Amino acid sequence: MSDETLLKIRDLEIAVEGTSPLLKIVKGVSFDLEKGKVMGLIGESGAGKSTIGMSAMGYGRGKLHTSAGQVILNGRDIAQAKRGVLNQLRGKEVCYVAQSAAASFNPAHKLIDQVIEATLEHGLMSAHEARTRAVELFTALGLPSPETIGDRYPHQVSGGQLQRVMTAMALCPKPDLIVFDEPTTALDVTTQIEVLAAIKHAIKITNVAALYITHDLAVVAQISDEIMVLRHGEMVEKGTTDQIINDPQQDYTKALLSVRSAQHEEKPATEKPVLDISNVTAGYGKIDILKSINMSLDPGHTLAIVGESGSGKSTLARVVTGLLPPRIGNVVFENTPLPPKQTQRSREQLREIQMIYQMADVAMNPRQTVGQIIGRPLTFYFGLRGAKRQARIEELLHAIELPVDFADRYPAELSGGQKQRVCIARALAAKPKVIICDEVTSALDPLVAEGILKLLADLQEREGVAYLFITHDLATVKAIADSIAVMHQGNLVRYGPKRQVLNPPFDAYTDKLLTSIPEMRIGWLDDVMAEHST
Amino acid sequence: MKTSIPLNALIGMIITATIVIMAVFAPLLAPYSMTEIVGDVWEPMSSEHWLGTDTLGRDLLSRLMYGARVTLGIAALATILSFSMGTMLGLSAAAFGGWIDQTLSRLVDLLMAIPTLILALVILSVLAPSVLTLVVVMGVLDSTRVFRLVRSVGVDIAVMDFVEAARLRGEGRLWVIFREILPNALSPLVAELGLRFIFMVLFLSALSFLGLGIQPPAADWGGMVKENKDGIAFGIPAALIPAGAIAVLAISINMIADWVLNLTSSLKGGKDV
């Protein structure tokens, strides 16, 4: 072993305690990480990437334990180490940055006290030195007013800032290794790029080694020296970032790389829109969330509504469905204004506009079978019963490419992608003219999301249904939209056919939004940041 | 998922089952009738009278068995009433919010602000004593507790997307309450059922002890404690036997309820099974 090797993992197997046969989450993974290098761990949910990251700290979530193999950190095996040894190690040699910064800070303490806590606990510096270092790190991470930001409480800074503070917390004790567990996944795309750049800069100047865990290949390509692709707890491929991005060997890696390349030909405009949102102003209490919004959706078309969180896109969906009556303006369906409140609309009007949700898990009643979930709209809207209803359920299952015997399953027995497919079938069962898709792919792994988008496109072609497609992901928009509406702080900043919206000249906000989408090439982040600074 | 039943719950089940069997088959199992005077006042335990005799010379074991019938029966009826009312109203409040929720919740606040026992004493002393009045008063007063629980569980469920999906579909109120919310609220309710039942047993015993519950010569356990309480001054333990029975029943049902709660609370951040 060379002196430069910091972390050495050999034939690591991690299993769930007390299962028989042993349920293995990680199946024989090996790699080395040198000092000051960054290794990207990439894979979909259930690939075991977080589990491997945690093992570098000698930690197993829940009942997970190391059943075989070694985790050698700084020359000693920590896979079976005792608690006392691990306590010495964590927060001193290895630190952790979690996905949800908001959930990881104690809301009752000031940021600075939490940032320097581990450093003081291990007696690495005096309180004064630790504070000085924290301020240096805040500066390096580009936080505003680094001298005083530490005196704030977690709720007084934004999500992106909090994520950077957590990075400072991990860097403060001068560890040898940091485990980044999806640090930018929960952030908006425009915030993600800032945090990503800050993390990259901080890694560079502190020369710390890192394990960077994510499901987004384009993100990891910006930051790591090496990439390991994982699937079902096994290594698929490992190589330098250049090898993986530019010359992948395995089919799975190639599939991951091609995820964002899907394209969609824009359909020509039609004469009469199916849905017309006219001059809508709406909000809660006295605050207007939406300000004079005008847009329309053509039959069989897809209108993508894009924006960051807080831009008002989901509020617009609530106005269209009638859950939030607008203060001014109205929603017109096929030349007839819809009653503003959902309870005032007729059953027929309700049937024509269906909705698919972001979190498929909570959008289905866990106590109903798939057959009951899909079958209810059939009985409710069309009065179908018995064999006719059964036949239509099978037809719908066929349409969403699931086996017929899935009708007897409960939602808990389905995977994430399958759940979303059932939700699509439920919407389709009503034979609507418009389906509102609220971030339907955001919670899914890239390959699964791609499958859902393809299914939606096929169904649109066959059934002629129009989509109001709400998303924050512009790559998804390119793959599915005919026209695009860009929203920012409740205003419609840009609206029109796809080609027009995605081509210059841009307004400042759309430009920022477009350049913030990670591109699948090395050096993209540096280019964008260089551009931003000029 | 483990299928083995923990020892605590097993003991609880055996004891509860024994008491229930005693109650149901009292006419067959009891050595004497409930009201017959078969010996001297406060005879000690003997082979003829296993638990001795009471303040009038009636067989204590026989009265304990018949008393179990009354105690368990009334407590069960009152629990059913309190649960049906509490669940219906609690779910309505959770599902519809607004003025329905406000009215019901404030009404419940009003009832809960007055100590239950005192309120019950006032009502029962005005109304003519009968089993029906007793059950209704106990059930209605206790349903406020059930309402609170069901409403809080229901509010959590009512904001889930699948409930919104049902509303958007145009489903009626009854469908939303009984098909969408209730099935998902059942688990925490089942555990609560046991606890409310014990509370009813204790409530009834307290009322009878104060003379407003079951009227003599019929007896429930609380009434038996009252009848025999004077013996304690002379060192006669007759009052302690029904009192002990109440305690044993309460503890054993609690042990079962604890286990059920553990089984069903995985959703609410409880123990994962």
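Is Lys498(A) buried or exposed? Lys498(A) is buried, as 21 other C-beta atoms lie within 10 Å; a residue counts as buried with 20 or more other C-beta atoms within 10 Å of its own, exposed with 12 or fewer and partly exposed in between, the C-beta atoms being placed from the backbone. This is a predicted model, in which local features need pLDDT of at least 70 and side-chain atom pairs count only at pLDDT 80 or more, while totals for chains, interfaces and linings use all residues. Residues are numbered from 1 along each chain as its sequence is written, and chains are lettered from A and ligands numbered from 1 in the order in which they are written.

**Around Lys498(A)**

- You will find Lys498(A) in helix α20 (residues 498-501) of chain A; helices here are DSSP runs of H or I with at least four residues, strands are runs of E with at least two, and both are numbered from the N terminus.
- Beyond its neighbours within four places in sequence, Lys498(A) is in contact with Glu266(A), Ala481(A), Asp482(A), Ser483(A) and Ile484(A), where contact has C-beta atoms, placed from the backbone, within 7 Å.
- His264(A) is 234 residues away from Lys498(A) along the chain, yet their C-alpha atoms are separated by 9.9 Å.

**Helix α17 of chain A**

- Residues 416-429 of chain A form helix α17, whose 14 residues reach 20 Å from first C-alpha to last. That is close to the 20 Å expected at 1.5 Å a residue, the expected span being 1.5 Å times one less than the number of residues.
- α17(A) is mostly covered, with 11 of its 14 residues buried; among them are Lys419(A), Arg421(A), Ile424(A) and Leu428(A).
- The cover over these buried residues includes β16 (353-356), α14, α15, α16 (386-399), β17 (434-438) and α18 (446-463) of chain A.
- Just after α17(A) comes Lys431(A), with a positive phi of about 50°.

**Two helix pairs**

- In chain A, the axes of α7 (residues 159-171) and α8 (residues 189-206) come within 9 Å and cross at roughly 15°. Axes are lines fitted to C-alpha atoms, for helices over the stretch in contact, with angles from 0 to 180 degrees between N-to-C directions.
- α7(A) and α8(A) are therefore roughly parallel; the cut-offs are under 35 degrees for roughly parallel, over 145 for roughly antiparallel, 65 to 115 for roughly perpendicular, and oblique for the rest.
- By class, the contact of α7(A) with α8(A) has 5 nonpolar, 6 polar and 2 charged residues. Ala, Val, Leu, Ile, Met, Phe, Trp, Tyr, Cys and Pro count as nonpolar, Asp, Glu, Lys and Arg as charged, and the others, Gly among them, as polar.
- In chain B, α7 (residues 161-169) and α8 (residues 173-209) pack at about 155° with axes 10 Å apart, and are therefore roughly antiparallel.
- Phe162(B), Val163(B), Ala166(B) and Arg167(B) of α7(B) meet Trp175(B), Val176(B), Glu180(B) and Ile181(B) of α8(B).

- Chain B has 10 helices and 0 strands, and its C-alpha trace spans about 75 × 50 × 30 Å along its principal axes.
- Of the 273 residues of chain B, 40% count as buried.
- Where the chains touch, chain A gives 15 residues and chain B gives 11 residues. On the chain A side, α13 (347-352), α14 (360-363) and α15 (370-382) each supply at least two residues.
- That side of chain A has 10 nonpolar, 3 polar and 2 charged residues.

Definitions and conventions:
Contact = placed C-beta atoms within 7 Å.
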